[in-house]
Amino acid sequence: MRKTTRKSWAVAAGVAGIALLATACSSGNGGGSSSETKTANPDEKVTLKIQTFNEFGYKDLYTEYMKLHPNVTIVDDKADKSDTARANVETAISTGTVTEDIVAADVDWMPELIDHSDFFADLGSIGASRWPDWKAKQATDSSGKLIGAGTDSGPEAICYRKDLFQKAGLPTDRDKVAALLGSWDEYFATGEQFMNSPAGKAGAAWFDSIGALSQGMINQLEAPFEDPSSGKITVLDANSPAKAVYDQLTSDKVLKQSAHLGQWTDPWTKAFTNDTKGAWATQLCPPWMTQIIAGNAPDQKNWDVAPVLPGGASNWGGSFLLVPKDGKHVQAATDLANWLTDPAQQAKVFVQYGNFPSAVAATTDATVTAKTDTYFGGAPTGKIFSDRFAAVAHQPFRGAHYFPINDALGKAYTRVDVDKTDNAANSWQKFETDVKNLS
Amino acid sequence: MSAPSVPAIEQMAGKGAARAAARKRHIEGGSRRPGWITYVLLAAVLVVSFYPLYYTFLLSSSTSQNIARHPIPSLIPEGHFFDNIKRVFDSVDFWGATWNSVVVATITSVSVVLFSTLAGFAFAKLRFRGRGPLLIFVIATTAVPTQLGVIPLFLVMKNLHWIDTLQAVIVPGLVTAFGVFWMTQYLESALPYELIEAARVDGASMFRTFWNIALPAARPAATMLGLFTFVQSWTNFFWPSIVLRSSHATLPVALSLLQATYFKDLSLIMAGVVLSIIPLLVLFIIAGRQLVAGIMGGAVMG
Amino acid sequence: MATTSSPSVPDTVTDDQGGRQRRRVGFSQKLGRLDVKLSPYLYISPFFILFAIVGLFPLLYTAWVALHQWSLLDGEGGWVGLENFKHVLTQQYFWTGLRNTISIFLLSSVPQIIIALIIAAILDANLRARTFWRMGVLVPYVVAPVAVALIFRQLFGDPTGWVNEVLSWVNLGPVRWGSAVLPSHIAIATMVNFRWTGYNTLIFLAAMQAIPRDLYEAAIIDGASRVRQFFSVTIPMVRPTMIFVIITSTIGGLQIFDEPRLYSQTGDGGADRQWMTVTMYIQELGWRNQNFGRAAAVAWLLFIVILIIGLINFAFTRRISSERTKAPKRKKVRA
């Protein structure tokens, strides 16, 4: 009898792990994939989990929405970075798990999700006409199903340092600067002039890194890496336009104008506080970049925005909200995504946080176009970006391999410009290897 | 040498007694106090240990602007520490995340200590078929790269419906190969057979022997294992960041959100680092004295 | 790998399986044989049960994946046999990753163990304010790797971080911590050493505390200096602990991930893979390139590399321990 008791003690200890497994089993709630009612009942208590990343500026909007819809509770599952969000979403897809009711996705990895559009609900009910064609196209699969509701966008302008321009004997007026930088050839010619000026001689550069410029130039191509009809990788072909961009950017003439600071690195972030030495005069500037500049160097009062992008208007970045189709509350989630991307809300976010809208109606909204930015010398940033937005005609084709190719290309530029571990030809060879390994 | 030598005691009374004698000697023996050079060396070690922490504190009491301007901050903190702390509290559910971390770390360390001691006792002192190969197997499992397991482990968690719950983080860490290896290693030498045999002769069951003899004997190593596991669990980032969503995350995952801005505010991020260290430091200061005393009280792995 | 051979194992317990069994049964007649037979298995079962759930399945699953063309999102794409392994092994990146891993591992483990031994020996002396010093060395251990990386990234900033600033005082040019191979490895190894030296010190210290003091007394009578005592008494006596530390730090060191990943903002191990470790390569293949099959193959290769190095360790340490233990039949747990 005693022995049995002891034995059961031992058993208890030995299998406590299993017991824990068993009891915990019943309490779990994640990963449920049962699709209940598909209509949003206004009285039904609903908890919606939404995963964004970086800063979507939704905090106040969540509160507002919950006030408007007392039955809805919004859980803010923000991820720190786009990479984390991408890993989370793709883990969910690859294991067939639904962890969020709404997930945000960056345009750079949207193509990977579009390839798995059956994982997501059709948001056609929101109406693709809310966005310009190029934006809606980024979230539409081959069968015409809209899976993403556009949030922000990144129409590009040029940010520039008035003090450095002045030192270099260049004009400092926004429109005059814009007139000076109409094409990439003009941009680099002005850069050469700048480098030979007192400003350049005192250690200022023309731009931060060629990798940063590449982003802008690649976004102006029709099909930088892949063939739009077949999806085949074309970036290594003989007449590849991306290679032409690469050759231009890695030429000695252009490299001399670089500050050799890789974008987003710690030294880059810190260098914004430099006065002349180690500083740079121009920065490719989507609206979200203005926030970064202002945040990195709050005391630097000389930045301004010129309404131009060399080589023609383009867009850099922007995100979407997607609703996994097997979520518990697809309709309620769709309603929320619809509301969050509504022009009225997009305008509010821009005014409060500076994330530029992607809904056409929001970009012409009076509160948007009226916005000025004291940090940028009182520049009418609302008006400038609204015009830049209207001028965007198309966006490059992004296929399933866009993200890794773009990443590898960025590394190729870094090797030449920042790390200086390779010359242009060697670095391109390594890029070729990287790309070939993708298939 | 009037007292019998330690080996002699060992011959007569077994290792436990020998150890006790050795310890007694250690205390009584009163070997010479080391000279000042030793203290200078130790002080240097502590400066190296503490400066990075102090540096973190300096950054957290500064602004990102000043950090960028002065690579080497002055040793006197600037006055922005509490502003930055407040901003951390505004952007992160600090208390919720801390609570989650406490739950995870406590359950994990208690469980690891208990199960590892149990297994270590069996591996070190009990005879059973397949013991050698099984122990090797346990150690070999630590060689499995964790990155490899992410997708399949996520699948397991999905099927258990544990995604985004604390169990998903707790359960995989309930007993670790490291712990088993550690306790086996320790009990091998620290637990004399005589004690086990004595208990068995008295009619104690295996489990009672474990509970009354092995567990107390294992205390020093168990304390260390408990601390290591607690810290390990507290600082764990990779797997929790994958399986937990930020609304009920552990502390490191929640604090990573401080980087979720377009521009990186180092003073804010460093304030988060300081906040994540403080709870452990407090625990360490409260428990540390006893811990160090406990560790040194018993011998570990002679 | 339990290498300890306590010199005091009573003769009653021998290595002879049959004899022992008989004896155990003999003195525990009042108890059920089952208790004796089953208890060991019961006690080790939690580990194995848990491993079966959270360890074994992933291991087998990945082995299966490694033999297929397998995209992260699309799933299985057909059996390819050893093709993934072949591809990866003929790629330079795997070898670059292995080089970086081993380099960082050596730069961290070797100095770390040596320094830890020395500090432990100092702490083992009859110090004033002993507890203070002992706790002091363990402080870095409570800082999360994520935080350590953030801190050291600032210190090793390139070109104008703390370290370069100090180096400039003595007219040493800025070291390219963020782009050159060896400096980046040194910076990463420094992070590892910062966090783990104190931890290993404590383990060594605990082992040193268990050394019978008369060994030192005898050495002193023989006229041995402190240094001499360290080499001829301390080191041999803590050898089993050293072996434990070496084995665990080898296995951990070859899987290094957090520190190199967090060493740069992008987390990719450098544009030219200057500090990309094997585990980071797994991450890149699986997540960036979405080639789960190849990622699994690399994971298995790493597993095998660790096992091989572990086996070398094991063989090596077994020899040391058997050399040390003159008496026969002292081995208890052997494989």
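Tutor: Let's start with the largest nonpolar core of this predicted model. The core has 306 residues, and those with the most contacts inside it are A157(A), I158(A), A119(B) and V298(C). If you're looking for the element that gives the most, find helix α8 of chain C, residues 181-209, which puts in 15 residues. Chain A takes part through both of its domains: domain 1 (46-153 + 317-369) and domain 2 (155-315 + 390-436) each provide at least three residues of the core.

Leaving out residues up to four places away in sequence, V298(C) touches V88(C), F94(C), V278(C), Y281(C), I282(C) and L285(C).

Now move over to chain A, which is divided into domain 1 and domain 2. The centres of these two domains, taken over C-alpha atoms, are 29 Å apart. Where they meet, 13 residues of domain 1 of chain A are in contact with 16 residues of domain 2 of chain A. On the domain 1 side of that contact, α4 (110-114) and β8 of chain A each supply at least two residues. That side splits into four nonpolar, six polar and three charged residues.

Strand β8(A) turns up again in a sheet. This one is open, has five strands in the order β2-β1-β3-β8-β4 of chain A, and its pairing is mixed. Its edges are β2 (72-76) and β4 (148-155) of chain A; each has a single partner strand, so one side of each has no neighbour in the sheet. Direction ignored, neighbouring strands here are turned by 20 degrees against each other on average.

Look at one pair inside that sheet. Strand β1(A), residues 46-51, runs parallel to β2(A), and five bridges join the two. Within this pair, I50(A) stands opposite D76(A) of β2(A). Helix α15(A), residues 330-340, lies across β1, β2, β3 (102-106), β4 and β8 (315-322) of chain A, and runs at about 55 degrees to β1(A).

Chain A also has an open sheet of three strands, in the order β6-β5-β7, with antiparallel pairing. Here the edges are β6 and β7 (303-306) of chain A, and since each has a single partner strand, one side of each is left without a neighbour in the sheet. From one strand to the next, the twist averages 30 degrees.

Let's follow β5 and β6 in that sheet. Strand β5(A) covers residues 157-161, and four bridges join it to β6(A), with the two running antiparallel. Are the faces of β6(A), residues 282-285, covered or open? Both are covered: T282(A) and L284(A) are buried on one side, and Q283(A) and C285(A) are buried on the other.

Next, step across to chain B, where you'll find 15 helices and zero strands. Chain B has 302 residues, and buried ones make up 57% of them. Among its contacts between residues at least 6 apart in sequence, 76% join residues at least 24 apart.

Chain B also meets chain A. That contact takes 36 residues from chain B and 44 residues from chain A. On the chain B side, the elements that give two or more residues are α3 (64-69), α7 (150-159), α11 (206-217) and α13 (238-243) of chain B. Helix α7(B) gives the most to this side, with four residues. In all, the chain B side divides into 18 nonpolar, 11 polar and seven charged residues.

Why does F210(B) count as buried? Because F210(B) has 25 C-beta neighbours inside 10 Å, and a residue is buried if 20 or more other C-beta atoms lie within 10 Å of its own. Not counting residues up to four places away in sequence, F210(B) touches L118(B), F121(B) and L215(B). As for A190(B), 20 residues apart from F210(B) along the chain, the C-alpha atoms of the two are separated by 14 Å.

How values were computed
Residues numbered from 1 in each chain as written. Chains lettered and ligands numbered in written order. Predicted model: local features only at pLDDT ≥ 70, side-chain atom pairs only at ≥ 80, totals over all residues. Core = buried A, V, L, I, M, F, W, Y, C linked by C-beta atoms within 7 Å. Buried ≥ 20, exposed ≤ 12 C-beta atoms within 10 Å, placed from the backbone. Domains from an automatic or database assignment. Contact = placed C-beta atoms within 7 Å. Pairing = 2+ DSSP bridges. Axes fitted to C-alpha atoms, helices over the stretch in contact; angles between N-to-C directions. Nonpolar A, V, L, I, M, F, W, Y, C, P; charged D, E, K, R; others polar.
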